[in-house]
Amino acid sequence: MKTNKNDQKKANVRFKNHFVKAIRHITLLYVFLLSSLSANCENYPYRSDVLWVTVPDHADWIYKTGEDAIVEVQFYKYGIPRDVEVEYSIGTDLLPSDKKGKATLKQGRAKINMGTSKQPGFRDMRLTATIDGTTYRHHVKVGFSPEKIQPFTQEPKDFQSYWQKAVEENKKTEMKYTITAVSDMSDETTDAFLVKLKVDSRHWLYGYLLYPKNAAPKSCPVVLTPPGAGVKTIKEVTSRPYFQQNGMIRFVTEIHGLRPTLDEEDFIDVRSAFSEYLEMGLDNPDHFYMRHVYLGLVRCIDFLTSLPEWDGKNVAVLGGSQGGALSIIAAALDKRVTLCVANHPALSDMAAGSKDLTSGYPHYKKDFYSEANVRTMAYYDVVNFARHVTCPVYMTWGYNDDTCPPTTSYAVWNTFTCDKESLITPINEHWTSDATNKNQMEWLKKKIGQK
């Protein structure tokens with residue numbers, strides 16, 4: 001068969017163009033992989049030119065009341081210690097500062113006396129340094145006899161009977177739900193479903209139900225994961241597959257009855273209407289927005305324990321921030337809960353701000369502490385649920401957290417009378433590491449008796 005020379009030239013050009021494109025694609029993939037590996041290997045903090053290091057002279061960042069806290073402050077730019085003047089302000093956790101000063105760092109180091117506290121609690125030192133025309137900020141909190149911190153919030157006399165009655169009344173609402181397979185979340189380890197669940201006479205919630213692949217009847221512990229605060233799509237659905245990989249059924253929920261498949265633009269519209277949901281109806285315990293959310297926790301457990309794959313014994317709750325609060329509340333409201341994991345719980349000692357004390361998220365403004373609102377807060381505060389938890393609890397919190405401050409985390413922790421374990425990570429702000437998250441699953445396995 002004869003080949004035209006022009007056709008051959010065109011074929012050679014096409015081959016060359018395809019080859020160049022292939023090389024480009026391979027090169028881009030290589031660069032992407034290198035950048036991904038580099039991002040995973042970078043030192044903390046992520047891609048910052050500067051590094052603050054604060055080293056309290058007590059390794060655990062804890063002091064006795066009346067004892068001075070000395071903190072060495074270090075400042076590096078490009079990894080090089082810099083001589084710089086640092087301004088500092090010191091105050092009680094999340095409250096206005098009561099002490100200010102300056103310190104000169106020599107070879108990037110100086111020691112600052114934070115003083116002490118006469119009362120159990122935390123002190124926060126906020127640092128500011130301006131170098132090469134840019135201002136950098138950092139802060140560090142240390143505790144003073146935090147094991148003695150007690151909540152400001154007092155339990156109403158009818159607290160238990162109020163919630164027992166509410167739960168019993170809500171049982172009259174028939175449990176209804178729809179369940180739909182979600183193929184793009186299913187894989188070789190997980191069967192995923194979207195659930196719409198009726199939680200009381202008027203409200204629904206959505207959640208993703210994540211099964212171990214081909215789960216057998218009566219073989220699986222169940223884990224309820226309520227959400228953090230806000231109006232948003234359900235997050236971290238597929239980021240922690242180790243629950244399913246270890247034979248657990250996980251139910252990851254939202255609380256507002258918003259289908260998680262809505263476009264982000266729709267969530268923006270809804271968010272503007274729901275953004276203050278933690279203030280809605282707060283003047284009356286029966287009308288507060290979170291009432292159906294708390295009752296919905298029990299309904300979620302009704303649903304999970306109705307699954308034929310549930311092992312009939314183990315019911316865990318696990319969450320962080322608002323989700324940590326809801327996990328503790330679920331454990332108190334429903335004795336079917338056998339294990340509770342909570343990170344830096346929100347909704348804790350909320351009314352303390354009415355007396356200029358450190359309060360938990362959502363940090364209500366001063367003019368919001370009316371007598372009626374404060375009364376309602378007591379029925380919904382985590383510290384009042386914590387004393388009624390009887391199952392084992394694993395709790396994690398950091399000291400540098402300004403969203404759910406360590407003062408209120410200790411107020412909750414010190415209230416527990418159940419079997420409890422903690423992981424305290426002083427440097428952490430409002431986050432937990434991937435390793436910490438996975439270790440919580442390992443704690444569940446250990447308690448359940450899995451190898």
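D93, D124, R126, K141 and D402 are linked in a network of salt bridges. The model is predicted. Its salt bridges number 21, while its disulfide count is zero.

**The D402–K141 pair**

- D402 and K141 form a salt bridge, with 2.8 Å between the closest N and O atoms.
- This pair joins distant parts of the chain, its residues lying 261 apart.
- D402 sits in the loop between β17 (393-397) and α9 (406-413). K141 belongs to strand β9, residues 134-144.
- K141 is buried, at a relative accessible area of 0%.
- D402 is partly exposed, at 28%.
- Both residues also belong to the salt-bridge network with D93, D124 and R126.

**The D356–K366 pair**

- D356 pairs with K366 in a salt bridge, and the closest N and O atoms are 3.2 Å apart.
- Both residues lie in the loop between β16 (339-343) and α7 (371-380), ten residues apart.
- D356 is exposed, with a relative accessible area of 54%.
- K366 is partly exposed, at 49% relative accessibility. K366 does not count as exposed because that class requires over 50%.

**The E421–K446 pair**

- A salt bridge joins E421 to K446, with the closest N and O atoms 4.0 Å apart.
- The pair counts as a salt bridge because the cut-off is within 4 Å.
- E421 is in strand β18 (residues 420-424), and K446 is in helix α10 (residues 434-448). The pair links distant parts of the chain, 25 residues apart.
- E421 is partly exposed, at 26% relative accessibility.
- K446 is exposed, its relative accessible area being 54%.

**Charge pairing in general**

- Side chains of opposite charge can pair when their charged atoms come close.

**Cysteines**

- The model has zero disulfides.
- C220 is in no disulfide, and its nearest cysteine sulfur, that of C300, is 18 Å away.
- A disulfide needs two cysteine sulfur atoms within 2.5 Å, so C220 has no partner at that distance.
- For C300, the closest cysteine sulfur is in C340, at 15 Å, which is too far for a bond.
- C220 is buried, with a relative accessible area of 2%.
- C300 also counts as buried, at 2% relative accessibility.

Methods. Residues numbered from 1 in each chain as written. Predicted model: local features only at pLDDT ≥ 70, side-chain atom pairs only at ≥ 80, totals over all residues. Heavy atoms only, no water. Salt bridge = Lys/Arg side-chain N within 4 Å of Asp/Glu carboxyl O. Helix = DSSP H or I, 4+ residues; strand = E, 2+ residues; numbered from the N terminus. Buried < 20%, exposed > 50% of the residue type's maximum accessible area, 1.4 Å probe, protein only.
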